[in-house]
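Welcome! Have a look at the sequence and the 3D structure below, and keep them open while you read this short briefing.

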Amino acid sequence: IVVLSQPDTFYAVGQWYEDFSEVSDEAVTGLLKGRTSKAESSPLQNVSQDLLKVAKPYRPGKELDAWFEKIGQARVVMLGESTHGTREFYEMRKSITERLVRDYDFSFVAVEGDWPDCNRLNKYICNGTGGSAREVLAKFQRWPTWLWNNAPTAALIESLKKTATPFYGLDLYSMYESIDAIRNYGKRMNSSLASHIQSVYACFKPFQKSETEYARKLMQSPEGCEREIAELLGEMLRTRLNEVELSDAEFFDAKRNATIVRNAERYYRSMVYGGPESWNIRDSHMMDTLDALVLQHGDSAKAVVWAHNTHIGDYHATDMIQEGYLNLGGLARERYGADRVHLVGFGTYEGSVLAGHAWGAVPESMPVPAAVSGSYDDYLHSAAKALAAPTLILPDLGTDRVPSLSVRRGQRAIGVVYQTSEGVHHRNFVPTALARRYDSFIFVDQTTALKELAHQESKKGRLPETWPSGM
């Protein structure tokens, strides 16, 4: 019956088996309801039992030494978050990052942020320009500004400055900022490159630095500025460092900005038509940027990455794959090898979160209600009570160790726009096979809203980020 009613589950034998097992668990539970002896355990009881086998209180210090030793051997450690506005997630990621840099020689930090903005932080770290981390962060203008303009991020930047550990942005929203950066470099480049840069700038100039206006233009004239961007990027990639009056770091920055302009144009173009393409362009760009950074830092380079769980949690273990979406964590496992990438998810049961009711709205602290019954966050809440621990770590997930954690159940996911009405609460949970989506998981039972530092007025007219359907 399962096979005939779900014929498209045959996209892969392993995935089909998992889907079949998930439905089978539910079916068997229903058939045996009322007939199971007290000595037998149900699949739901297995979840709680397995969690108590692998979860332990999260206590910074020597108790985490074995975990740090394990993740410290990875080439890439990705630290997630189930919301974009939770103070505890930022503080814990900060402390984990600092230890990886200090004790395990991680080379750089890369985040779900714009390249030009983060490059200003990088210049502060490496050269001391900008006054202080808080002063540089105050100049971030793209909504939602609180993602990086907050106290834990400022403290992380000051910490990275002490070790001169670079900080980069992986994202692609900065189409116009990247054009401006290339124009500034163009004044010192050869005449051929400068000419291409001017042609790109001229094409985009009528839209008054508004991605919304550019997207509206694409609906009327689909060709847009695609040709000019392709020519510029090709010219930049063919150019050698000895042909321009730029340092190695400056030339690398110029090429990344040229790539951003190309991919951002593709991103905004795809948003006009909907579907998974815009999301996939964005996460593929983040993966390619991470690749370029690893290559730039040498064969022994090691990276810490910060991004939302929806980006770092392997897409194969959620419903994203059926909907045609991919993501950064899954791509990294495919590209570097699962044994060289460690994905750390984060979750919470209830509390408060900083978010906006609509895109561009003033952020505010909003209540995060108790997790949906039967979700992983709900089971983890029970485990936290049983262990009398407000914060848990599942340091060593794996399908062979915890089979009941390989079944898809809901896991909370809140974006920068958050609807708090009771009718949409269930939509903030992503079907997740926890033991396949992450290598480790950190759970904070009660969380509090992040607080934003003082900032300049956010830029208006920006297109919202794309999220997989159902979120």
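Let's begin with a pair of helices: the axes of helix 10 (residues 191–204) and helix 12 (residues 226–238) come within 9 Å and cross at roughly 155°. Please keep in mind that you are looking at a predicted model. The protein chain has 471 residues, and buried residues make up 56% of them. Its secondary structure comes to 19 helices and 11 strands.

**The chain as a whole**

- Take the contacts between residues at least 6 apart in sequence: 80% of these join residues at least 24 apart.

**Helix 10 and helix 12**

- Two packed helices are described by the angle between their axes and the distance between the axes.
- How do helix 10 and helix 12 run relative to each other? An angle over 145 degrees counts as roughly antiparallel, and the axes cross at roughly 155°, so helix 10 and helix 12 are roughly antiparallel to each other.
- The crossing of these two helices is left-handed.
- On the helix 10 side, the contact is made by Ser192, Leu193, His196, Ile197, Ser199, Val200, Cys203 and Phe204.
- On the helix 12 side, the residues taking part are Glu228, Ile229, Glu231, Leu232, Glu235 and Met236.
- Sorted by type, the residues of this contact are eight nonpolar, three polar and three charged.

**Helix 6 and helix 8**

- Here is a second pair to find: the axes of helix 6 (residues 115–127) and helix 8 come within 8 Å and cross at roughly 40°.
- That angle makes helix 6 oblique to helix 8.
- Is the crossing left-handed or right-handed? Helix 6 passes helix 8 in a right-handed crossing.
- Leu121, Tyr124 and Ile125 of helix 6 meet Ile157, Glu158, Leu160 and Lys161 of helix 8.
- The residues of this contact divide into five nonpolar, no polar and two charged.

**Around Thr165**

- Now move to the loop between helix 8 (151–163) and strand 4 (167–171), where you will find Thr165.
- Is Thr165 buried or exposed? Its relative accessible area is 4%, and buried means under 20%, so Thr165 is buried.
- The side chain of Thr165 makes a polar contact with the side chain of Thr163, at 2.7 Å.
- Leaving aside neighbours within four places in sequence, Thr165 is in contact with Val101, Phe106, Ser107, Phe108, Ile125 and Leu160.

**Backbone details to look for**

- Most residues other than glycine have a negative phi, and most peptide bonds are trans.
- Ala164 has a positive phi, near 55°, and lies in the loop between helix 8 and strand 4.
- At 45% relative accessibility, Ala164 counts as partly exposed.
- Asp105 also has a positive phi, near 60°, and sits in the loop between helix 5 (87–104) and strand 3 (108–114).
- With a relative accessibility of 60%, Asp105 counts as exposed.
- Which two residues does a cis peptide bond join? They are Trp143 and Pro144, with omega at about 5°.
- You can find Pro144 in the loop between helix 7 (133–137) and helix 8.

Notes. Residues numbered from 1 in each chain as written. Predicted model: local features only at pLDDT ≥ 70, side-chain atom pairs only at ≥ 80, totals over all residues. Heavy atoms only, no water. Axes fitted to C-alpha atoms, helices over the stretch in contact; angles between N-to-C directions. Helix = DSSP H or I, 4+ residues; strand = E, 2+ residues; numbered from the N terminus. Parallel < 35°, antiparallel > 145°, perpendicular 65-115°, else oblique. Left-handed = near helix turned anticlockwise from the far one by under 90°. Contact = heavy atoms within 4.5 Å. Nonpolar A, V, L, I, M, F, W, Y, C, P; charged D, E, K, R; others polar. Buried < 20%, exposed > 50% of the residue type's maximum accessible area, 1.4 Å probe, protein only. Polar contact = N/O pair within 3.5 Å; in protein donor to acceptor, adjacent residues only side chain to side chain.
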